[in-house]
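Here is a guided look at how one protein chain is put together.

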Amino acid sequence: MIYKDVFPCLKHREPLYKEVPSESDWAKTKELVDKLAMFYDVTILFSGTKNPTANLYFKNICAIRLAIYDWLSSEQEEVQAMTLHMQTKFEKYWDTMHGLMGVASILDPRFKMKKIEFLCPLIYSNNAAQEIRKYKDILYDLVKEYQSRSLQSQHVQSESLIPTSSSRPSMPKLDLVKQLDVFVSHSTTHGHVKFELDHYLEESLLPKNDDDDFDILCWWKSNGIKYPTLHDIARDILAIPVSTVASESFFSTSGRIISPHRSRLHSKTVEALMCARD
């Protein structure tokens, strides 16, 4: 598109160049460039060099989903054909990942449920309320699961602190203090975790800065005492990558190719290094 005006000049200068793109070709090209530009932006955001956390995924993936469904109504047959293939692959990815991406979005203290409540009506229309509830239920189930793990771990720890008849503790007072701590944690953990998620969702949103340099991992590290169960969930979920495909391979359709020329260069380099070492 940058060199659009160069092609007619090339036709006048090069007699063998006859297939100049028509205005119709340029119109199709512009539409494709405008549509695929969002994939370039998302690729840059999700690339490993940016170290993105999972709370950034949901909004961008939803934008892609909405765009794909919008492209189905394009007047260009090429765009429609391309979109049908994209839609099939995208829905397979969406069905697997959208739940965890939604949970990661809720764990962003700047948005919590707001991003879900804004995007679900755009995606699900009349079923938006039901889908919003599903995202919240997934997080509630995770809280229960992590709570159960924590209680089991504390139970094992408390059993290890109880002296047997054959053992002779060297510091009985210290053991008693430890047992007291376990007793207190057993008495308070269940009630705290039960209302922890509700308290997090009801608390005011964290103010959003324009510079957009918010470190969500640092925030959860600082608020781990206040929300211990959610802290553990955030630690695990925010580290999930958006894709197992390396960013530099997103637009590659040929894969890794070692041509005879490259292979020859590699062998010559090895020979040179061996000679230098000798």
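A crossing of two helices is called left-handed if the near helix is turned anticlockwise from the far one by less than a right angle, and right-handed if clockwise. Helices themselves (H or I, at least four residues) and strands (E, at least two) are DSSP runs, numbered from the N terminus. With those terms in hand, H2 passes H3 in a left-handed crossing.

Residues are numbered from 1 along each chain as its sequence is written, and the model is a predicted one, in which local features need pLDDT of at least 70 and side-chain atom pairs count only at pLDDT 80 or more, while totals for chains, interfaces and linings use all residues. Side-chain values rest on heavy atoms, with hydrogens and water left out.

**Overall make-up**

The protein has 10 helices and 0 strands. Of its 278 residues, 30% count as buried; here buried means under 20% relative accessible area, exposed over 50%, and partly exposed in between (1.4 Å probe, protein chains only). A contact means heavy atoms within 4.5 Å. Among contacts between residues at least 6 apart in sequence, 68% join residues at least 24 apart.

**Two helix pairs**

Axes are lines fitted to C-alpha atoms, for helices over the stretch in contact, and angles run from 0 to 180 degrees between N-to-C directions. Angles under 35 degrees count as roughly parallel, over 145 as roughly antiparallel, 65 to 115 as roughly perpendicular and the rest as oblique.

| Helix pair | Angle | Axis separation |
|---|---|---|
| H2 and H3 | about 165° | 11 Å |
| H3 and H5 | roughly 10° | within 11 Å |

H2 and H3 are therefore roughly antiparallel to each other. On the H2 side of this contact you will find Lys-35, Met-38, Phe-39, Val-42, Leu-45 and Phe-46, and they meet Tyr-57, Asn-60, Ile-61, Ala-63, Ile-64, Ala-67 and Trp-71 in H3. Sorted by class, the contact of H2 with H3 has 11 nonpolar, 1 polar and 1 charged residues. In this sorting, Ala, Val, Leu, Ile, Met, Phe, Trp, Tyr, Cys and Pro count as nonpolar, Asp, Glu, Lys and Arg as charged, and the others, Gly among them, as polar.

H3 and H5, by their angle, are therefore roughly parallel to each other. Their crossing is left-handed. From H3, Phe-58, Lys-59, Cys-62, Arg-65 and Leu-66 meet Lys-115, Ile-116, Leu-119, Leu-122 and Ile-123 of H5. By class, the contact of H3 with H5 has 7 nonpolar, no polar and 3 charged residues.

**The core**

A nonpolar core is a set of buried Ala, Val, Leu, Ile, Met, Phe, Trp, Tyr and Cys residues joined through side-chain atoms within 4.5 Å. The largest one here has 46 residues, and those with the most contacts inside it are Trp-94, Leu-139, Trp-220, Leu-230 and Ile-233. Among the elements that give two or more residues to this core are helix H2 (23-46), helix H3 (57-71), helix H4 (77-106) and helix H5 (114-124). H4 gives the most, with 9 residues. In soluble globular proteins, nonpolar side chains tend to be buried together.

Not counting residues up to four places away in sequence, Trp-94 touches Phe-58, Ile-61, Cys-62, Arg-65, Ile-123, Tyr-124 and Tyr-135.

Phe-90 lies in helix H4 and is buried, with a relative accessible area of 12%. Beyond residues up to four places away in sequence, Phe-90 touches Ile-61, Ile-64, Arg-65 and Ile-68. Phe-90 and Ile-64 are 26 residues apart in sequence and 9.0 Å apart in space, C-alpha to C-alpha.

**Other residues worth a click**

Glu-131, in helix H6, is buried, with a relative accessible area of 11%. Leaving aside neighbours within four places in sequence, Glu-131 is in contact with Cys-120 and Tyr-124. Glu-77, by contrast, is found in helix H4 and counts as exposed at 63% relative accessibility.

In the loop between H4 and H5 sits Lys-112, whose phi is near 55°, a positive value in a residue other than glycine. Lys-112 is buried, with a relative accessible area of 3%. Ser-125 is in the loop between H5 and H6, and its phi is also near 55°. Ser-125 is partly exposed, with a relative accessible area of 49%.
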